[in-house]
Amino acid sequence: MNEKILFVDDDPNILEGYQRKLGGALSVDTALGAAQGLKAIRDNGPYAVVISDMQMPVMNGIEFLAHVEAESPDTVRMMLTGNADVNTAMEAVNEGHIFRFLTKPCPGDVFGKALVAGISQYRLVTNEKSLLEDTLNGVVELLVEMLSWANPETFGWALHLRGNARFLANIMKVDPWEIELAALLCRIGDVMVPRNTAGSPEGATNGEASRVGSAELASQMLQHIPRLKPVAQIILYSEKNFDGSGFPADNVAGSDLPIGSRILKVLLDLAALESQAIMRHVALAQMQGQAGRYDPQVLKAAAALRIPAYQTLFVSVPGQENANGPTLQEGDVLVEGVRALDGSLLIRAREVVSTSILARLRAFDSLAKIVQPIEVRRVQ
């Protein structure tokens, strides 16, 4: 067993006994009191199991285990105490959400079984969480690849939008993960309609009606995927005005709108104006004059957005043994198509490089050869 166990008690002799009896079989740490216990969790965690005494000065075991849950929710928590009072046990279960409540003196076989059960529970929780994370990442990658193949121009635009969304999220001091995904997937609905009828990324074709339809369809696609429901909500409300007008027609307005939606609204409208060759400072001034349309704080933050500059590079496929200089990376735009040495076209011009394109080119280059260097445009 590689998982770590933490024992917390205010009696150093008891802690020494734990270390002596279990240290040879398990990875055991000890902490003298609750304060040291929390420090150990922050500095040396994560721990699979934390076993705490009940009666400790400053902070008792129930309070300590409640803090453990907040600091490390996956850690399995156990209480070991000489107080077998039923009310204490109930409070420990309700407040500390403990896995086992053990009384002193605890027989060795009972204690050992409790530790094994605690470690097994930790493995179950973390393995399930890892599986969900891997599944979610796989779904997101699949959706992004669908967008990159169905509409390369929109995919390239979405990568740029994601960068701007991350920038504004950091300025607004909010977690960027869901907002970045919403920016990347807000036009995923375009893969469900014929390409000649899908609106342009900036909404220049068919105007805002096209964007509303795309947002609604994207939201419907994502809302059934676990953990992507908040992303679906961000996209759904990305066409909603700050004063509550617009789509969808409900009573959600102002600060009740998801912060990600308010950020995306500003970025989408700014992109639409810039697509009409309107300078950014002029576009922002126009947006400032539209009272009730945008969150004023988000609009203020948007003034700090960096205008992208592009450079032309000649790159090679990553992984070549003798490759020198820059290599191809996600987000690069191919100036010309990528061809094999026999002249066959592998990837067409103007394609935005995605993860799957990188993988395909690496695999092909290991079997045959690609004409290199490859000319690309890259955001500086």
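1. Let's start with a proline. Pro248 lies in the loop between helix H9 (229-236) and helix H10, where helices are DSSP runs (H or I) of at least four residues and strands (E) of at least two, numbered from the N terminus. A cis peptide bond joins Pro248 to Phe247, and the omega of this bond is about -5°. Please keep in mind that this is a predicted model, in which local features need pLDDT of at least 70 and side-chain atom pairs count only at pLDDT 80 or more, while totals for chains, interfaces and linings use all residues. Residues are numbered from 1 along each chain as its sequence is written, and side-chain values use heavy atoms, with hydrogens and water left out.

2. Which residues does the other cis bond to look at join? A cis peptide bond links Gly45 and Pro46, with omega at about 5°. Pro46 sits in the loop that runs between H2 and strand E3 (49-53).

3. Val58 also deserves a look. Its phi is positive, about 70°, although Val58 is not a glycine. You will find Val58 in the loop between E3 and H3. As background for these points, most residues other than glycine have a negative phi, and most peptide bonds are trans.

4. Now to the helices. Two packed helices are described by the angle between their axes and the distance between the axes. Helix H2 (residues 34-44) packs against helix H3 (residues 61-71) at an angle of about 15°, and their axes are 10 Å apart (axes are lines fitted to C-alpha atoms over the stretch in contact, with angles from 0 to 180 degrees between N-to-C directions). H2 and H3 are therefore roughly parallel to each other (angles under 35 degrees count as roughly parallel, over 145 as roughly antiparallel, 65 to 115 as roughly perpendicular and the rest as oblique).

5. Which residues of H2 and H3 make the contact? From H2 come Ala34, Gly37, Leu38, Ile41 and Arg42, and from H3 come Phe64, His67, Val68 and Glu71 (contact means heavy atoms within 4.5 Å). This set divides into five nonpolar, two polar and two charged residues (Ala, Val, Leu, Ile, Met, Phe, Trp, Tyr, Cys and Pro count as nonpolar, Asp, Glu, Lys and Arg as charged, and the others, Gly among them, as polar).

6. On the H10 side you can pick out Val266, Asp269, Leu270, Leu273 and Glu274; they meet Arg280, Ala283, Leu284, Gln286 and Met287 of H11. The contact of H10 with H11 has six nonpolar, one polar and three charged residues.

7. How much space lies in the largest pocket? About 1200 Å³ (a pocket is an open set of points on a 1 Å grid over the protein atoms alone, with protein on both sides within 12 Å along at least five of seven lines; a cavity is a set where a 1.4 Å probe fits but cannot get out; lining residues have an atom within 4 Å of a point). Volume here is the space filled by probe spheres set on the points, which are joined across faces, edges and corners.

8. The largest pocket is lined by 38 residues, and Gly156, His160, Pro308, Tyr310 and Val379 lie nearest its centre. Helix H6 (152-171), helix H10 (259-274) and strand E10 (374-379) are the elements that give two or more residues to this lining. H6 provides the largest share, 13 residues. By class, the lining of the largest pocket has 18 nonpolar, eight polar and 12 charged residues.

9. The second largest pocket has a volume of about 270 Å³. Helix H1 (residues 12-22) gives the most to its lining, five residues. Among the lining residues are Ile14, Tyr18, Leu80, Pro105 and Phe111. The lining of this second pocket has seven nonpolar, one polar and two charged residues.

10. The whole structure holds two cavities of 30 Å³ or more. The largest cavity, with a volume of about 40 Å³, is lined by Cys186, Arg187, Arg211, Ala215, Ser238, Glu239 and Leu268. Three of these lining residues are nonpolar, one is polar and three are charged. The second largest cavity has about 30 Å³ of space, and its lining residues include Lys240, Phe242, Tyr294 and Asp295. By class, the lining of the second largest cavity has three nonpolar, one polar and five charged residues.
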